[in-house]
Amino acid sequence: MKTQLDLNVRSRGAMSGVLTMGSLDPAFDAATRVDGGPVVLDLRAVEFVEPAGLCGLAALLEFLCARCEEVDLALAGRDVPAYLERMDFFRMFGERVRTNADVAALGERRRHNPGTLQELINFHTEEEIPGIIGRISEILENQGYRLRERVAICSTLSEVCANAAEHGVSSFGAYAAVQAYHHIVSGARRRGEEVLIAIADGGVGVRETLSRNPEYAEHTTTDNDALRHALEMGVSATGEIGRGGGLALVAGIAARSGGSLSLRSGTGRVTVYENRKNSRNVPQFPGTFVRVSLPRTPQEKASK
Amino acid sequence: MGEEQAHRVFEVASGDFGGKLMVTRRTGRAVREALEGALEELPKGGILYVDTRGVELMDYSFADEALGILASRSASGEYGDRHLVLVEEDRDLLENVEASLRQRSLAMIRVDEIGAEPGIVGEVPDHLVETLQAIYDAGSITNAALATRLGLNHTACNNRATRLAKLGLIHRRVETAAPGGRQYTYERIA
């Protein structure tokens, strides 16, 4: 008998059919109780995948593959399997996850530059980051992004990747996904474009990392306390002066541009907006997850 | 002003570890080590111009590791009497350098190009700003003259200028003055 892991993909509204990190919540919740037998993850209600959903899916599959004798992925339609193939998903998981989708057929019309930035990257060390940033910057430059925009996107990506490489040590390293959209995907409907960056690692998580510094004892009672504290300038595991500025600064960049940064680890999730911070409790995430939204308003576009 | 001080220009974008995209602490460390090598080759009183104008992107981690730690070691006297000057225009890239130096309560002298009017990046305590400005206006000034100009007693003036010298923002020379006294002269470094 296979254990079925379900999603909570909304069927109505702006986020209808979208695989987000939140839509994986029921599956993460059920994953903590798997007993080693075969599991099937049902993605048939998904019509659209955003980078955060893709990173979350990758982290969830890593978690399941390490614990279950067999992992099945149920997909429907053509768009989602084709998207996953374009993101090199089956190259990363094809050997370890079974699927009903005809991956071989998808492979024949493999991606050639799809016109916008969309990447899923698996990496393990800090050494790999400059190469990743170089490649993303080049794609953005070819897309007509101005230097200022590229700097915001690339420095956000490099900081979150560096955090994952430093604190997120795990067998699978970390997954980062980036996608540039010609419309706004997050939040209220408005005009503009948006870049989404997501990253997931399988490390010990933020609370455990900060707990290593006795100075932060009063800030590590709950996961949400730890996440809020980690977003403060100068808070780091080692407490060394100069450390712990990256995340606070990129959260500031995202918030000022009208976007947001979400940090999720353990059972906590904190989202930073321009004038507020929201915390809520969520099902256990086995590692650390970051999602950044960087909107690109029309007047900021390169005027050519 | 005194004689032309020995100096060297280090272009970050074209060095061995350099490039347009400067990210991660690891890269910052490699660049910092190269900068430290260049500093140590300078004679005493020498100035190292760190030119980052060819760099497009510098993340916080890189800025802190390459420049924040360098400024911190310089302020603790590790490079002896050698000074750092940042060559960079007033643009977004400075934000991360600024953030790193502020975290460390440090500052660096910055010029748009070599020979241009100097400015400050980072944090200089309010009570030292006026002293720093007076030294830069004068180019070179003795403690006695500076004290008069600022309306301070000699000890207070010397304390302020010594603090600025320790931060690496000015050069301090000691001369033996008759009879048996010592006289300090402060000089701008850029």
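In the predicted model, 24 residues of chain A are in contact with 19 residues of chain B, contact meaning heavy atoms within 4.5 Å. The area buried between the two chains is about 1800 Å², with carbon and sulfur atoms giving 56%; buried area is the accessible area (1.4 Å probe) that two parts lose on being put together, summed over both. Local features need pLDDT of at least 70 and side-chain atom pairs count only at pLDDT 80 or more, whereas totals for chains, interfaces and linings use all residues. Side-chain values use heavy atoms, without hydrogens and water; residues are numbered from 1 along each chain as its sequence is written, and chains are lettered from A in the order in which they are written.

Three salt bridges (a side-chain nitrogen of Lys or Arg within 4 Å of a carboxyl oxygen of Asp or Glu) are found across the interface of chain A and chain B. One of them links D92(B) to R148(A), with the closest N and O atoms 3.4 Å apart. On the side of chain A that touches chain B, two or more residues each come from helix 6 (129-142), helix 7 (147-167) and helix 10 (246-256) of chain A; helices are DSSP runs of H or I with at least four residues, strands runs of E with at least two, numbered from the N terminus. Helix 7 of chain A gives the largest share, eight residues.

Chain A also contains an open, parallel sheet of four strands in the order 1-3-5-6, where pairing requires at least two DSSP bridges between strands. Its edge strands are strand 1 (3-5) and strand 6 (98-99) of chain A.
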